[in-house]
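Please examine the structure shown below. The paragraphs that follow lead through its parts in turn.

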Amino acid sequence: MIPLRRPAAPARIPAGVPTVNSIWTRVLAAIGLSVISGCGTAPSVPQGSPAGDRAAALQRTLVVAISREPASVADKTLRPTGSGIGPDTSRPFNAGLAIRDERDVPHPYLAQTLPELATDSWVVSPDGRMETTFRLRPNLTWHDGTSLTGTDFVFAWRVYAVPEFGYADAAPMPEIDEVLAPDPQLVVIRWRRPYPGAAEMDGTEFPPLPRHILEAPFQSGDADAFVAHPYWGQSHVGLGPYRLEHWELGTFIEGGSFEGHVSGPPKIPRLKMVFMADANTVVASLLSGAVHTTDGRSIRFQQGRVLQQGWVASGAGNVILSPKEVRMTMVQFKPEFVKPAALLDLRVRRALAHAINRQGLVDGLLDGQGIPADTLVSPQVEYFPALDRILTKYPYDLRRSEQLMREAGFEKGPDGIYTGPGTGRFSLELSVSALAQNEAEAAVIVDALRRGGVDMTLQVLSQAQAADRQVRSSFSGISSTSHTNAFEPPVKFLRAAEMPTPENRWRGSNRGGWNHPEFERVTAAYDTTLDRSERNQRSIDLLKVVSEEVPAFPLYYNLAVIPYTADLRGPLGGINWNWNLPGWEWVAR
């Protein structure tokens, strides 16, 4: 958990951004209403002997609020699930060959061990083709009692390789040449080319599918009927710690303990996932005891702050603030759009980096909690200590910023704004999507850069403009966005192949159009390095280049909020905060 600290100098926040007091008012009003149908009230512990009370308490249902109802709880559904639904929702009901922990490190799950390079379990041919072998743990069964075998993975590959289902072009499917099950306990995957994640096949990448349920409808050839099969909805059969038992449409999903789970049944025997779209209702439900935790997406920082000030302080609950996402500002490099052209000068980019008060962003937006970002990956990645030692950093320093601007030929005029020979005033536009926190963040950046001598303007993109790929790629100066999976280096944001152009209909994440030979060289090595420790070193190498060349300004780590009641033990910070769900338990208070 990130410790609470008092902000030194809160930044100015625009009107209309929710405050802690305004959220409290809405929460208290929500508590006065009946909590959403399906939650009920906080479970009571039966009166009686202490041992009886303890036994009854251990049988309580774990109630989790999720931000919206999914179309399916499958790891890799053929139905659209909508924004915001992901592995947090599917984790209770599914299992894969591997599972990733809160730091994104893989561990064996259904497999006894994970393949290792230079052994018979991971063979690499001179032409780059590969073969990985996974041996399943013994006596595994689906929720309906049918044995899990390697043929269920062979069948899954056949399904997900069908172009109509939308995954044939998504990793790892294009890299897989063939999946075999020479023995019921073996899964052999043959690869067309080097694929670094070949030994880390978790449920979201390559989940098994129950052949005994789906093979007949799949062979019928009716794609629409197959997608509409009840398995993908309310009749899901999985391998996770909980069996899907009841789905009340629009209200909740219930699961019961799966005794045949690979690591044993979960310590909490029942699970209920209730659908709550309104963050203030989620907070009210936590305060009342009707909900015990959330999916990590249901509430934002401001609601988490409310919980810290009352719920946590009273000892009724806990809040984990997890730095899963990096906010950053990209620089425009495409000559046809960049303005001023001086942004192409490294000294100017470094000067701007020194002029942005990252701690001010944390103080103003996150009440002093959280961490300013010096790079574009989470401080929780396993290689972060080594990376942090070699980064080029840009602490808030207006004197150093002014020195660099002078080296680039700019001097401050009587009004304190930089001017250059033949260029006039140094004017810069910041582009940002229209969301309350984004606009508050932009106000802090604009204010800091103006204080640093930059003539700043702000462009706020409407929802329609932000959805237009051409508009988002045509900003003139700098543009703020998020690297949402900060446990991976931001290769897609910065590699040349991801540059949006008219020829590719403006597809791609490298909206600034940065193209740097050394970054491309290191990225190519990163893409084909198979050993995890060596791959981590390639991540360090490419992030070092980014820190030196400043194609983007890291700002701060946006905090995911994971609240849980004081009598629940188990939730974690990090990217896969509920990977250890079977071990969660109730504790005496």
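Is D101 buried or exposed? The model is a predicted one, and in it D101 has a relative accessible area of 9%. Because the limit for a buried residue is under 20% relative accessible area, D101 counts as buried. This aspartate is placed in the loop that connects β2 (98-100) with β3 (106-108). Its side chain has a polar atom 2.9 Å from the backbone nitrogen of V105, and a polar contact of 2.9 Å links the side chain of D101 to that of H107. Leaving aside residues up to four places away in sequence, D101 touches H107, I575, N576 and W579. With I575, a separation of 474 residues in sequence goes together with a C-alpha to C-alpha distance of 7.8 Å in space.

A sheet may be considered next. Four strands make up an open sheet with antiparallel pairing, in the order β4-β5-β7-β6. The edge positions are taken by β4 (122-124) and β6 (176-180); each has a single partner strand, so one side of each is left without a neighbour in the sheet. On average, neighbouring strands of this sheet are turned by 15° against each other, direction ignored. The antiparallel pairing of β4 with β5 (residues 130-135) extends over three bridges, and W122 has T132 in β5 as its bridge partner. Helix α4 (residues 150-160) packs on the sheet, where it touches β6 and β7 (186-191). The direction of helix α4 makes about 150° with that of β6.

Helix α4 also contributes to aromatic pairs. In the whole structure, a search finds 12 aromatic pairs. For F153 and F206, the ring centres are 6.0 Å apart and the planes stand at 55°, so this pair is tilted. F153 belongs to helix α4 and F206 to the loop between β7 and α5 (211-219), so that the pair links parts of the chain 53 residues apart. Both of these phenylalanines are buried. The pair formed by F155 and F218 is edge-to-face, with 5.6 Å from centre to centre and 90° between the planes. Because F155 lies in helix α4 and F218 in helix α5, this pair ties together parts that are 63 residues apart in sequence. F155 counts as buried at 1% relative accessibility, and F218 is buried with a relative accessible area of 17%. F155 and F218 are also members of one aromatic cluster, together with F165, F226, Y231 and W232.

The nonpolar cores come next. The largest of them has 86 residues, and those with the most contacts inside it are L352, F426, L428 and L449. Strand β19 (residues 552-565) gives the most to this core, namely seven residues. Apart from residues up to four places away in sequence, L449 touches L352, A355, I356, L428, V454, M456 and I478. A second, separate core consists of 47 residues, among them M130, W142, F206 and V237.

Strand β19 leads on to its partner β12 (residues 317-331). Of the 15 residues of β12, 14 are buried, so this strand is largely enclosed by the rest of the structure. The antiparallel pairing of β12 with β19 runs over 13 bridges, and S322 stands opposite A560 in β19. Strand β12 is also joined to β18 (residues 478-483) by six bridges, and these two strands run antiparallel. In β18, S482 is the bridge partner of R327.

Methods:
Residues are numbered from 1 along each chain as its sequence is written. This is a predicted model: local features need pLDDT of at least 70, side-chain atom pairs count only at pLDDT 80 or more; totals for chains, interfaces and linings use all residues. Side-chain values use heavy atoms; hydrogens and water are left out. Two strands pair if DSSP finds at least two bridges between them. Axes are lines fitted to C-alpha atoms, for helices over the stretch in contact, and angles run from 0 to 180 degrees between N-to-C directions. Contact means heavy atoms within 4.5 Å. A nonpolar core is a set of buried Ala, Val, Leu, Ile, Met, Phe, Trp, Tyr and Cys residues joined through side-chain atoms within 4.5 Å. Buried means under 20% relative accessible area, exposed over 50%, partly exposed in between (1.4 Å probe, protein chains only). A polar contact is a pair of N or O atoms within 3.5 Å; within protein, one must be able to donate a hydrogen and the other to accept it, and residues adjacent in sequence count only if both atoms are side-chain atoms. Rings of Phe, Tyr and Trp (its six-membered ring) pair if their centres lie within 6.5 Å; planes under 30 degrees apart count as stacked, over 60 as edge-to-face and the rest as tilted.
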